[in-house]
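This report describes selected features of one protein structure. Please keep the sequence and the structure in view while reading.

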Amino acid sequence: ILTIEAQGFEARAQRLAWEPLTVKKGTNKAEAIRTIMAARAGEAFFRIAATTATLGADAVVTREDTPWDIAKGIADGLGWEMFYDAEGYLVARPPSAAPVWTFRTGTGGTVKTASQLGYDDDDVTNLAYMTGGTPSGKSAPLTAYAVAPANHPLSPQNLGTAVYPDYRRSDTSDDTITTQAALQTAANNALTQLLLSSLSASF
């Protein structure tokens, strides 16, 4: 019997940092991701999208943090996905909606049975609530939320009763986001991903 355990490259960045690192407020967020992963995970190969967004607060990697969690938190705040591709490059970019494969029925198609689409409503989230940083001159951090529209199968209205909508919330935070527009975009993107994670298809 041969047993093989495989790990993604991100495993190297999921160990606690030994030396703290501070990336200063105002740093471009793409550059901040690059700096953290290069300085604390030893990464040298990147495919990171361009952005004009900057850190609204210092991004700090402490000895209780992993480089991956801090860098991915910055990516999440942009609404980006972050992963290693098949060539070993660290990729950080907006999620792509382009299909990579189309399943077809009929002659030459790959679908041989009737398809079934379903939702896992036992562990579903239909409201993404985000807390951002505290803007200069303000005393409280920004907040934003996004909720599934009423016509969505997993909306609070569809999961609840006629008089009591069923809100199922997921909380995240990113203190590097200090504008309301950027925080709302991040909440919208988070909701999209949460709803997709509850979708299943079988055929």
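## A nonpolar surface patch

Which residues make a nonpolar surface patch of about 530 Å²? The patch is made by Val 100, Trp 101, Phe 103 and Phe 203. Patches consist of residues with over 30% relative accessible area and no salt bridge; like charges are joined within 9 Å, and nonpolar side chains (Val, Leu, Ile, Met, Phe, Trp, Tyr) within 5 Å. Accessible areas come from the Shrake-Rupley method with a 1.4 Å probe, and for residues only the protein chains shown count as cover.

The model is predicted: local features need pLDDT of at least 70, side-chain atom pairs count only at pLDDT 80 or more, and totals for chains, interfaces and linings use all residues. Residues are numbered from 1 along each chain as its sequence is written, and side-chain values use heavy atoms, with hydrogens and water left out.

Trp 101 is placed in the loop between strand 5 (90-93) and strand 6 (116-119). Helices (H or I, at least four residues) and strands (E, at least two) are DSSP runs, numbered from the N terminus. Trp 101 counts as exposed because its relative accessibility is 53%. The classes are buried (under 20% relative accessible area), exposed (over 50%) and partly exposed (in between), with a 1.4 Å probe and protein chains only.

## Aromatic rings

The whole structure contains five aromatic pairs. In one of them, the rings of Trp 68 and Tyr 84 are stacked, because their centres are 6.3 Å apart and their planes stand at 20°. This pair links distant parts of the chain, with Trp 68 in helix 2 (residues 67-77) and Tyr 84 in strand 4 (residues 81-84), 16 residues apart. Rings of Phe, Tyr and Trp (its six-membered ring) pair if their centres lie within 6.5 Å; planes under 30 degrees apart count as stacked, over 60 as edge-to-face and the rest as tilted.

Trp 68 and Tyr 84 are both buried, and together with Phe 9 they form one aromatic cluster. Arg 12 lies over the face of Phe 9, 4.7 Å from the ring centre. A charge sits over a ring if NZ of Lys or CZ of Arg is within 6 Å of the ring centre and within 35 degrees of the ring normal. The charged end of Arg 169 likewise sits over the ring of Tyr 129, at 5.3 Å from its centre.

## Salt bridges

There are eight salt bridges in the structure, each a side-chain nitrogen of Lys or Arg within 4 Å of a carboxyl oxygen of Asp or Glu. One of them joins the side chains of Arg 12 and Glu 43 (2.6 Å, N to O). Arg 12 lies in the segment before strand 1 (21-23) and Glu 43 in the loop between helix 1 (29-41) and strand 2 (46-48), so the pair ties together parts that are 31 residues apart in sequence. Arg 12 is partly exposed at 35% relative accessible area, whereas Glu 43 is buried at 6%.

Arg 93 forms a salt bridge with Glu 81, with the closest N and O atoms 3.0 Å apart. Here Arg 93 belongs to strand 5 and Glu 81 to strand 4, 12 residues apart.
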